[in-house]
Amino acid sequence: MVAKIDKISRSTKKYYEKILKLHGNNFKGMNWSSSKSQYLRFEQLCKIGNLNNKSIHDLGCGNGELYVYLKKNKIKLKHYLGTDLSSDMINLCKKKFHLKKKVCFKEIDIKKFKNIYKTDYVMASGIFNIKNNISSKDWLKYVFNTIIEMFKYSKKGIAFNLMTFDTTYRDKNFFYLSIDEIVSFLRKKVSKKIIINHSYNLWEYTIIVYK
Ligand SMILES: C[S@@+](CC[C@H](N)C(=O)[O-])C[C@H]1O[C@@H](n2cnc3c(N)ncnc32)[C@H](O)[C@@H]1O
């Protein structure tokens with residue numbers, strides 16, 4: 001699986017760095033169609049709990065806009081850690097934000113997760129959507145492995161989004177997962193304390209899993 005994860009990391013990094021170069025430091029550069037949808041996703045992830053005085057790890061932080069969203073909503077975190085496998089994204093964040101003890105950005109990918117400290121919550125928005133030329137079977141394994149790692153490095157729980165199976169249009173580069181499949185995996189390998197939110201108007205749903 002390590003060789004496959006290397007391939008996935010390389011292809012994902014290449015894809016997002018190309019998008020960032022094309023569109024720059026904004027929602028388009030994060031591959032989103034609008035800042036409204038980007039913020040709607042954040043809103044769903046943040047339903048995980050009261051984030052005041054909590055530490056969070058924003059996995060696949062991109063340009064760190066989740067941190068901006070939290071500040072706009074006057075949420076006072078204990079600590080924010082943004083990680084991304086793209087050095088371009090992390091360099092951008094380091095320039096964009098005044099780094100304090102409370103805010104930290106690191107270039108990291110899943111294989112190096114062992115160098116990462118635990119936070120109350122680990123969140124990820126949009127990291128599982130684009131598989132490009134990776135087979136669905138390998139991408140699924142990667143998604144499951146990543147979720148297990150996220151859970152391991154959280155103290156209280158995790159939140160992430162996935163594209164819904166219930167679409168009229170399919171793109172071969174996108175990854176869709178049925179709720180049945182994710183729930184069955186989570187219940188067997190992660191935790192039975194699961195919340196699924198498919199109530200908002202995007203082609204996706206948010207999953208929250210607690211310890
Ligand atoms: C769709 S963008 C979303 C960025 C940000 N989360 C947001 O919602 O604005 C996905 C980001 O996740 C990063 N990413 C994807 N897979 C990752 C992984 N396994 N580990 C770390 N970063 C990852 C990409 O480099 C990219 O910056």
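Reader: What pattern does the protein chain follow, read along the sequence?

Author: Helices and strands here are DSSP runs, numbered from the N terminus, with at least four residues (H or I) for a helix and at least two (E) for a strand. Along the sequence, the protein chain follows the pattern α-α-β-α-β-α-β-β-α-β-α-β-β. That comes to six helices and seven strands. Please keep in mind that this is a predicted model, in which local features need pLDDT of at least 70 and side-chain atom pairs count only at pLDDT 80 or more, while totals for chains, interfaces and linings use all residues. Residues are numbered from 1 along each chain as its sequence is written.

Reader: How does the radius of gyration of the protein chain agree with that of a compact globule?

Author: The radius of gyration is taken over C-alpha atoms, and the globule rule is 2.2 Å times the number of residues to the power 0.38. For 211 residues a compact globule would have a value near 17 Å, and the protein chain has 16 Å, which agrees. The C-alpha trace spans about 40 × 40 × 35 Å along its principal axes.

Reader: What share of the residues in the protein chain is buried?

Author: A residue counts as buried if 20 or more other C-beta atoms lie within 10 Å of its own, exposed if 12 or fewer, and partly exposed in between, with C-beta atoms placed from the backbone. Buried residues make up 34% of the 211 residues.

Reader: Which strand is largely enclosed by the rest of the structure?

Author: Strand E1 (55-59) is largely enclosed, because five of its five residues are buried. Both of its faces are covered, with Ser 55, His 57 and Leu 59 on one side and Ile 56 and Asp 58 on the other.

Reader: In which sense do E1 and E2 pair?

Author: Two strands pair if DSSP finds at least two bridges between them. E1 and E2 pair in the parallel sense, over five bridges. In this pairing Leu 59 stands opposite Thr 83 in E2.

Reader: Is Leu 81 buried or exposed?

Author: Leu 81, which has its place in strand E2, is buried because it has 23 other C-beta atoms within 10 Å. Two residues are in contact if their C-beta atoms, placed from the backbone, lie within 7 Å. Leaving aside neighbours within four places in sequence, Leu 81 is in contact with His 57, Asp 58, Cys 104, Lys 106 and Thr 119. Leu 81 and Leu 59 are 22 residues apart in sequence and 8.2 Å apart in space, C-alpha to C-alpha.

Reader: Which residues of H3 are buried?

Author: They are Glu 65, Leu 66 and Tyr 67. These buried residues pack against H2, E1, E2 and strand E3 (103-107). Just after H3, Lys 74 takes a positive phi of about 60°. Lys 74 is exposed, because 7 other C-beta atoms lie within 10 Å.

Reader: Where does Asn 53 lie?

Author: Asn 53 is in the loop between helix H2 (35-45) and strand E1. Its phi is near 65°, a positive value in a residue other than glycine.

Reader: Which residues touch the most other members of the largest nonpolar core?

Author: In soluble globular proteins, nonpolar side chains tend to be buried together. A nonpolar core is a set of buried Ala, Val, Leu, Ile, Met, Phe, Trp, Tyr and Cys residues joined through C-beta atoms within 7 Å. Of the 40 residues in the largest one, Met 123, Ile 158, Ala 159, Phe 160, Leu 162 and Ile 207 touch the most other members. The largest share of this core, five residues, comes from E5.

Reader: How many bridges join strand E5 to E7?

Author: Seven bridges join E5 (residues 154-163) to E7, and the two run antiparallel. Phe 160 stands opposite Ile 207 in E7. Strand E6 (residues 194-197) is also antiparallel to E7, joined by four bridges, and here Ile 196 stands opposite Ile 207. A hairpin of six residues links E6 to E7. Strand E7 (residues 204-210) is mostly covered, with six of its seven residues buried.
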